[in-house]
Amino acid sequence: MPLTADRAKPAVPFAGIYRLIDLALSNVVNSGYLQVVVLTQYKSHSLDAHVTKTWRMSTLLGNYVTTVPAQQRVDKNWYLGSADAIYQSLNLIHDERPDIVVVVGADHVYRMDFSAMVEQHIESGAACTVAAIRQPISLANQFGVIEVDDDDPSKIAAFLEKPSEPKGLPDNPDEVLASMGNYVFTASALEQAVSADRETESNHDMGGDIVPWFVARGEAGVYDFKDNEVPGATDRDRGYWRDVGTIESYYDAHMDLISIHPVFNLYNYEWPIYTSHSPYPPAKFVHGSGDRIGEALNSAVSPGVVVSGAHIYASVLSPLVKVHSYASIQGSVLLDGVEVHRHAQIRRAIIDKFVVIPEGCQIGIDHEHDRARGLHVTESGIVVVGKGQVVTR
Ligand SMILES: Nc1ncnc2c1ncn2[C@@H]1O[C@H](COP(=O)(O)OP(=O)(O)O[C@H]2O[C@H](CO)[C@@H](O)[C@H](O)[C@H]2O)[C@@H](O)[C@H]1O
C-alpha cells in the first residue's frame, strides 16, 4: 500500500516501462511455454488491460496468453485462495489436456528458465516440484520454508508456510530454503489435490495447503534455483530473485537496476523482458548553463520523459515524467506522467502515476512533515505518494 490501493500487485509498474507481470510472463514464454492463462481477481482491471494489450502471440500455432477472471462456475464464491483459483479454472485444464502444468506467481523480479525445472520434475517422478532459493532466516515468516529429506535432498520432507519459529539450514543456521511460489505439477495430480482441498476447511492456498498435501504423500520434489542457467546471465545477476511484496523490496529492486553493473540486468537480450508501451518520443534533457542543468546520472529514464534544467540522481523515471528547472530528485522512483515543478526536492520516494508535485515542494526530507501531509512513510523512511493524492507544500 498505497501502490496496490487501485490495482492488483502484478499490475504495479516496474522499471519504468514494465508491469510486474511482464517478468513472470517473459520467463514463461522464454522457457518455451506458449499456452498461458492468467487467473485474475482483485482490482484486476489494469492488469487485464495490460495483459490483453501487450501479450498477443500468434494464434496460428495455438499460442495464447489469456486472462481468466473468477467466473463463479462452481458456486457463488470468488476465488477463495490461490488453490481455489486453480480449482475453479479446471475446465481450462480439461479443455487443453496438458500432461504438465507450470504455476507461477506474478509478483517477483527474476529470470528463470522453467524448462529445466520441468525436466527435473519429469525425471524425478515427483507429482509436485517446488522451486526454492536460500533466504535469510529473518525473512522466513514471509515464505514457505522447505526442509529437504536427509536421504534424498531432491525430496521435500517438510514444508511450513510462513513459520514464526523457523529452523535454519544444517550448513548455515542463518538461512532457510524458501519456496519461490513457482511450482510444476503433473496435471492429473494437481487436479486431484485442488479438488480434495476444496472439500476441506483450509485456506485454499497453494503454499499453505497444496504443497503440504503432496509432502504428506511423499510426492513433493524441490528444484534448486541455483542450478538454473539462463542464457545471457552475467556473474553479477545470476541467481537474482526478489519477492517485491513490500514497499522496501519494491524500492530496492529498482535501486538494483541502476547501479553501474546492474544487479538485475535489463540488458540481457538473450532472455528479453517483453512489454508494450505507447509510441512516445525519446527522453529529452534540456538546459545546460550555470546552475540550470538538465541531467540524469546513475538513473534509468523512459521514453517521453523531459528533464528541463533539473538534476536527477539514482532514480527511475517512467514514461511521460516531466521535471522542471532547479528541481532535484535523488534515489526515487517516479511512475508514469508525474510532473515535478520548479525547485521541488524529492528524496527516497516512490510517486504513483500522474501525481503533480508543486513548485518548491519537499518530499522525503522531513518525514514528520511528510506524514502530516498524509503521505505514507515506511519504517525505513521511504515516502510513497499514492495515485490521485494531492500534495501540498
Ligand atoms: N485468490 C487469488 N486469485 C488469483 N491469484 C491469487 C489469489 N491469491 C493469491 N494469488 C496470486 O498467487 C501468488 C501467490 O500469492 P499469495 O498471496 O497466495 O502468497 P505469498 O506471495 O504470500 O506466498 C507465496 O509465495 C512465496 C514466495 O514469494 C512462497 O514462499 C510461499 O510459500 C507462497 O505461498 C501471487 O502471484 C498472487 O497474486
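Predicted model: local features only at pLDDT ≥ 70, side-chain atom pairs only at ≥ 80, totals over all residues.
Residues are numbered from 1 along each chain as its sequence is written, and side-chain values use heavy atoms, with hydrogens and water left out.

Let us stay with that first pair. Two packed helices are described by the angle between their axes and the distance between the axes. The axes of H1 (residues 20–30) and H2 (residues 45–54) come within 11 Å and cross at roughly 45 degrees. Here axes are lines fitted to C-alpha atoms, for helices over the stretch in contact, and angles run from 0 to 180 degrees between N-to-C directions. Helices (H or I, at least four residues) and strands (E, at least two) are DSSP runs, numbered from the N terminus. Ile-21, Asp-22 and Leu-25 of H1 make the contact with Leu-47, His-50 and Val-51 of H2, where contact means heavy atoms within 4.5 Å. By class, four of these residues are nonpolar, one is polar and one is charged.

Now move along to a second pair. The axes of H6 (residues 187–198) and H7 (residues 206–216) come within 10 Å and cross at roughly 120 degrees, which makes H6 oblique to H7. On the H6 side, the residues in contact include Ala-189, Leu-190 and Val-194; on the H7 side, Ile-210, Trp-213 and Phe-214 are among them. The residues of this contact divide into nine nonpolar, one polar and two charged.

Next, the ligand. Some polar contacts (pairs of N or O atoms within 3.5 Å) are worth a look. A polar side-chain atom of Glu-161 lies 2.6 Å from a ligand oxygen atom, while an N or O atom in the side chain of Lys-162 is 2.5 Å from an oxygen atom of the ligand. Gln-41 places a polar side-chain atom 3.1 Å from a ligand nitrogen atom.

Finally, two details of the backbone. Most residues other than glycine have a negative phi, and most peptide bonds are trans. The peptide bond from Met-1 to Pro-2, however, is cis, with omega near 0 degrees, and Pro-2 lies in the segment before strand S1 (13–14). His-343 is not a glycine, yet has a positive phi of about 65 degrees; this residue sits in the loop between strands S24 (339–340) and S25 (345–347).

Methods. Parallel < 35°, antiparallel > 145°, perpendicular 65-115°, else oblique. Nonpolar A, V, L, I, M, F, W, Y, C, P; charged D, E, K, R; others polar. Polar contact = N/O pair within 3.5 Å; in protein donor to acceptor, adjacent residues only side chain to side chain.
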